[in-house]
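Hello,

Here is the structure I promised to pass on. Please open it first, then read my notes below.

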Amino acid sequence: MHPATARETGRRTGKRQKAWAGHAAAVLAIVFGLFSFYWAAGGTFAIDTLGGAIQRMAERRDPGFIAVVWITGALKIAGGLFSLSLVRPWGRVVPRPLMLTAGWGGAALLTLYGALQVGSLLLVALGVLTPSDPVEWKPLLWRLFVWDMSFLVWGILLFLATRTYVINHPRRPERRVGH
């Protein structure tokens, strides 16, 4: 097979096989962004899964906390749209270096944040770490397996979506002057 044909075939196969990561990252981010908007707007469903000071601020409708929840909701929605832009044709309008910086950087931050949160919660759940306050098991388990785990999963999916972007949008060869 001619090298150019193999490269094109691989690129097409990569799109079909790996675009799912960008779509999955977008769904995850948007769903969790909508939860943030719901809570910021005064919704109370699943607020008891937050636990501790966060739950108390949400229940009190603390203005500073509510502002932060609106902002994080918007950031999650924006992150979901960015995740889609890595695997959809309309993402090509953004310069490649910006896409790669945001993709790799976002994946690293989300994965690191999620891993640290999940790791610390796991240590508490296993009894290795003992917090100063009594353990609230329902919020701990929700944070371990849903809320904080979502950041870890989103980071991994964003890594895969960024890798898909690299495969599907290779760097253009530089033009050499005088050759």
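**Pockets and a helix pair**

The second largest pocket has a volume of about 300 Å³. It is lined by 16 residues, and the closest to its centre are Gly52, Pro134, Val135, Glu136 and Arg143. Please keep in mind that this is a predicted model.

Which helices line this second pocket? α2 (52-60), α4 and α5 each supply at least two residues of the lining of the second largest pocket. The largest share comes from α2, with 4 residues. By class, the lining of the second largest pocket has 10 nonpolar, 2 polar and 4 charged residues.

Now the largest pocket. Its volume is about 520 Å³. Of its 19 lining residues, Leu50, Ile54, Thr72, Lys76 and Phe151 are the closest to the centre. At least two lining residues come from each of α1 (3-40), α3 (63-85), α4 and α5. α3 gives the most, with 6 residues. The lining of the largest pocket splits into 12 nonpolar, 4 polar and 3 charged residues.

Next, the helix pair. α4 covers residues 96-125 and α5 covers residues 137-168. Their axes come within 8 Å and cross at roughly 155°. An angle over 145 degrees counts as roughly antiparallel, so α4 and α5 are roughly antiparallel to each other. The crossing of α4 and α5 is left-handed. Their contact has 24 nonpolar, 7 polar and 4 charged residues.

One thing to look at on screen: α4 and α5 supply lining residues to the largest pocket and also to the second largest pocket.

Best wishes

Terms used: Residues numbered from 1 in each chain as written. Predicted model: local features only at pLDDT ≥ 70, side-chain atom pairs only at ≥ 80, totals over all residues. Heavy atoms only, no water. Axes fitted to C-alpha atoms, helices over the stretch in contact; angles between N-to-C directions. Parallel < 35°, antiparallel > 145°, perpendicular 65-115°, else oblique. Left-handed = near helix turned anticlockwise from the far one by under 90°. Nonpolar A, V, L, I, M, F, W, Y, C, P; charged D, E, K, R; others polar. 1 Å grid on protein atoms, 1.4 Å probe; cavity = no way out; pocket = protein on both sides within 12 Å on 5 of 7 lines; lining within 4 Å. Points joined across faces, edges and corners; volume = space filled by probe spheres on them.
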